[in-house]
Amino acid sequence: MKKSLSEILYPQRYFLIPFLILLLIGFILLLLNSKAELFLWINRHHNSFFDELFKLITLFGDGIMTVIVVLVLLFFKFRYSVLAAITFAYSSLAIQVLKHLFKSPRPVKYFENITSIRTIDGYPVHEWNSFPSGHTASAFTLAVVLTYLLPHKKRHWIIIPLAALTAFSRVYLAQHFMEDIIAGSIIAVLMTFHMIWWLENTKWYNSSKLEGRLFGKA
């Protein structure tokens, strides 16, 4: 039986409502401040503890995390692993196309001849392809995949803080602007739910061949 988009989205409301609230806060901040002002305010508020914390948290948006999730899901069902792999590829492709289309400067380049910004010693920062944030997109793609696959839907709001902190880490670490992480999260959530809807209405994805797991049957 085919699933409508509403049938997929409604059970995820405990994730989507907090996400929309975060987006609203983000848009309000951008309306009240320029992207430069907002970045500089965040850049000036730091300490060694948060330096180390956000260096760890930002790893949730790395490609290696995607690989780990895809491999772990193999132990449950092949179809879960397939869903994760395809959705990550789908959103990542869109993000990379947009990055190279806009070729926008990252903070270190944007402020190069304006003012000095703080970066963490020994932590590499990039200069170009700021918009949108790839780490943020990966983190929110992972969040949507877990929201869709895991039981206990009412507890899925718990996933939001980790994805949001991963996004915020990109600004704290002087890799992105606020608008970059907002765009990355929106693209990831929209495209991931779109791909889930498409897969759920595709015969091969629902075939018995994808119901097994790495060892034996699910």
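**Stop one: a loop**

Select Thr58 to begin: this residue sits in the loop between α4 (48–57) and α5 (63–73). Helices here are DSSP runs (H or I, at least four residues), numbered from the N terminus. Before going on, know that this is a predicted model, where local features need pLDDT of at least 70, side-chain atom pairs count only at pLDDT 80 or more, and totals for chains, interfaces and linings use all residues. Residues are numbered from 1 along each chain as its sequence is written, and side-chain values use heavy atoms, with hydrogens and water left out.

Is Thr58 buried or exposed? It counts as buried because its relative accessibility is 2%; buried means under 20% relative accessible area and exposed over 50%, with partly exposed in between (1.4 Å probe, protein chains only). Leaving out residues up to four places away in sequence, Thr58 touches Tyr123, His135, Thr166, Ser169, Arg170 and Leu173 (contact means heavy atoms within 4.5 Å).

**Stop two: the core**

Now select Phe15, Phe19, Phe39, Leu83, Phe111, Phe140 and Val189: they have the most contacts inside the largest nonpolar core, which has 48 residues. Such a core is a set of buried Ala, Val, Leu, Ile, Met, Phe, Trp, Tyr and Cys residues joined through side-chain atoms within 4.5 Å. Helix α10 gives the most to this core, eleven residues. Color α10 (residues 178–200) next: 17 of its 23 residues are buried.

**Last stop: Leu101**

Finish in helix α6 (residues 78–102) with Leu101, which counts as exposed because its relative accessibility is 61%.

Notes:
Helices (H or I, at least four residues) and strands (E, at least two) are DSSP runs, numbered from the N terminus. The expected span of a helix is 1.5 Å times one less than its number of residues.
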